[in-house]
Amino acid sequence: MVKCGRCGEEMVKSVYNQSHLSKHNYLCWIEGEKPIDLNDEDAVRKFLYNVSQKLKKKIVFKCESCGESKRSAVGYMSHVKFCGKTDEEREALLIKCKICGCQVKPVSITTHMEMHNRKRKVPKSEKNHLSIEKRAAALKAVKGIGKVSNYSDNEKEGNTKKIRMEVGIEVRQMYTRSYNKVYVSQIEVWKKSISENGNGKCLYPGCNFIGQTVEVLENHGMQCPRKPQKVYSCRKCKFQSSEEQLVIEHIEEIHNNGEDSYSSESDVDDEAGFQDIKFIQSNSRLRFYNFFYPALKWTYEKRLKNSDTCNESLCYKISNWTPMDSDKIKCYLPTTKKSVKIMVNEQNWEQLELFQSLELNGTQAIFVGGPVWASAWAPVPLTETHQYLAVACHPNMDTEHEMGRIYDYKSMIQIWDYGELCNIGDNNGVAPFLLLGIAHNHGAVWCLDWCVSGFISTQLGLLAAAFSDGTVEIYSIPRHRPSDGYTMYKVKPVCVLKLGSEILSQCMRVEWHKIFSSRVIAAGFSNGMVAVWDLNTSSSLLRSDDTLYPYCIFQAHNSAVTGISFGPGEEVRYMCTSSHDRTIKFWDLQNTDYPISVNQKGSATDTAWMANWLCSVSTHDSIYGYGLTYVNATNGRDFVYHSNSLLQQNSVNWSVGICDWLNSIGMSDEAGNVNIMFLFHLGCVDDKKARKHSFNLIKTSIHDFKEDNSLVTGHVQQNKSNNARTKKNKQGITLFEKSLDSDLTKYKEMASRFGLSLSVDKKLESTHNDGSKENLINHFPLSSINKVSWNPNYSSFLWIAAGFQCGIILTPRIGYIKDEVLKTLYKEKQTR
């Protein structure tokens, strides 16, 4: 038994350690031990900090008098001062600001004074006379400032000027410095080398110093003659100097004249357009927008600079398109003629015919006939508003594929005309229709991707398709039907891409390069291979008529490649790949013997590399996640070590779509959800802030017409009978599992009994919620959204296409951004 020295209560020591300590916020002691001086603020603050470091978790401090909770020791101690006091006593404890006269708490005076410092430069004499209760860290800083100031006053004229301590916050944010220290990454390399070889080597090029301990190597690293010297760099231009004062004067004279800085007085400048956007200054203007405004300018400029033209050999030729009669096209069409019953935002139930489009409560829906696993919007010029969507689905709803085999059955690729789609307002009222159908004998289409620069007067673009028989074909798609009265065509591809190997495997992913889009294309295969082709090559070893072989091929993974993406930049060098082998790898195509880095985060299903950042986004399967899956962002600054989990889901994430215009991503999962996340600065990914900007665009509920006509988000609600079982995973999420009859594992029986109730939140008013849901196993995934495609065009980047396993495609327009903001942005000419 022990006795608490603070309250005198006796108890078992285990109870004291487990619960009684937290009751007193760890500010208690066992009788006989040295007591804690609760009146000494510095001692209490230091004690609480040591406790939090020892427990390795954030402590919530609860007031013993009123029960109010505080998340920091400083906030808790400030609350204790004022708790239980009368109004007169509280007012006596406040500090009066010498500038504005406001009375604030002592703990808030520092933040209050920083607000004044942003508006004006405080004279040094005034700073010294402010009656502010300084904390320990502030007192140490004052001493350091005094030493620097005294040293500067004693210098002779003509010597280098020292740093002025009155530099404003905006100026300090506009330049960087290299710190004179040894980084943690270097220490970790030395530790590993010493454990393996008994010594470590200096990491700076040209230095041959060898040490046997980390301390010796660390001391040498601070004084190594080969170490780069301290350099200060201006963020806005390439000006550099070894003297900080010269960089400050450069910024104040050239960049800080009021023309380049953001204005907080006007939220939107009608005349500025894109020209006033600058990188990393005051955040006052950025806060007005609910998306990362500079990304719009960067993407706009990249589209203007992309002057790559299409190769003449890849241009559209009407002789390559042979129309097909109605009696010949039946074997290529999907076998399902009617869709499952659907309802959008609790309106009437509707059922679509094959290739029919219907507007459901302001959202266009089409039925393509089979599970959608590939879709892509056609990129059009900046001035074009007419939009097209390429779609590929399985011909049969119940078709299954094995990764180790190849398939070459008959199917089709669909090109849908959506008319004019604009970011401002809804569509033009014209219902989407099937413009073209491309018949082929290559089996399933796992991926479709358009060439960015393939649009010309008579040609809609170049479309690359990844097939399950192992081939990649490129089609030149016209803007109109080659023959009046015909929709289905047998098309000769302008180019066929092959591996050149007798061992065939399914092609899972294909992507054009973002800059050299009409020249370089890459593909990933189910055997783990990745290949890169140059369409402009004239080598007889790589080209045989219309067949092309890769100039770069390597074994990237041990399992099927599920994602492939070129890195940003004007050179074809860097690439990111993902696979079912639970790895995400970054490659330098100049040396593919080994990857730059390998990140292991679970079985990956898709990946995309953001065009404006060194940051890739990947989605994952839940087989290793204990009931939860995550959307991960891997930052280019520290991707060697870890990745950041942006969003957690309770089902398999199938697809990720990115929008470089808004610096945002969209994810789809098996539960029938499409979640949108508006990211901000991705130079340093902050997963906590990213979750605050996550929203549900589409939620899917399965309606059971047979049992109780109830709706449950994402799953079927079932009465918990004797043959059902419940359990909780490690995250505490309740999992309800019930095996269905074997006949409900097929689409026909599921569609006759269930319907899909879709909730489309265009204004993104509902934030993402990853709460517990009931999981129904062994049934046809009626609600699964397999593919999400974000429109890449300047006039329509708010439109998204979501493809379901049941053959439905929804195309809502996001109303998250105000029309007034978009109208202001569009005042600048769309072409230069």
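Predicted model: local features only at pLDDT ≥ 70, side-chain atom pairs only at ≥ 80, totals over all residues.
One of the contacts can be named: Met529 has Gln555 of strand 30 as its bridge partner. Zooming out, the pair belongs to an open sheet of four strands, laid out in the order 25-26-27-30 with antiparallel pairing. The edges of this sheet are taken by strand 25 (507–512) and strand 30 (552–555); each has a single partner strand, so one side of each is left without a neighbour in the sheet. From one strand to the next, the twist averages 15 degrees. As for what holds such an arrangement together, strands of a sheet pair through backbone hydrogen bonds, either parallel or antiparallel.

Helix 10 is a handy one to look at for its two sides. Within this helix, which spans residues 214–223, the buried residues include Val214, Leu217, His220 and Gly221. Looking down the axis of helix 10, the buried residues fall within an arc of 130 degrees, so they line one face of the helix. Glu215, Asn219 and Gln223 sit on the other side of helix 10, and these are exposed.

Arg582 has a phi near 75 degrees, which is a positive value in a residue other than glycine. This arginine, Arg582, is found in the loop between strand 32 (574–579) and strand 33 (583–588). Asn663 also has a positive phi without being a glycine, with a value near 55 degrees, and its place is in the loop between strand 39 (653–659) and strand 40 (664–669). Asn663 has a relative accessibility of 1% and counts as buried, because the cut-off for buried is under 20%.

Turning to the record, an unreviewed UniProt entry carries the annotation "domain: C2H2-type" for residues 2–24, 61–81, 95–116 and 232–255. For residues 61–81, the end C-alpha atoms are 14 Å apart, and the span is 43% helix and 19% strand. For residues 95–116, the end C-alpha atoms are 16 Å apart, with 36% of the span in helix and 18% in strand.

Note on methods: Residues numbered from 1 in each chain as written. Heavy atoms only, no water. Pairing = 2+ DSSP bridges. Axes fitted to C-alpha atoms, helices over the stretch in contact; angles between N-to-C directions. Buried < 20%, exposed > 50% of the residue type's maximum accessible area, 1.4 Å probe, protein only. Arc of directions from axis to C-beta. UniProt positions renumbered as here; feature names shortened; annotations may be inferred.
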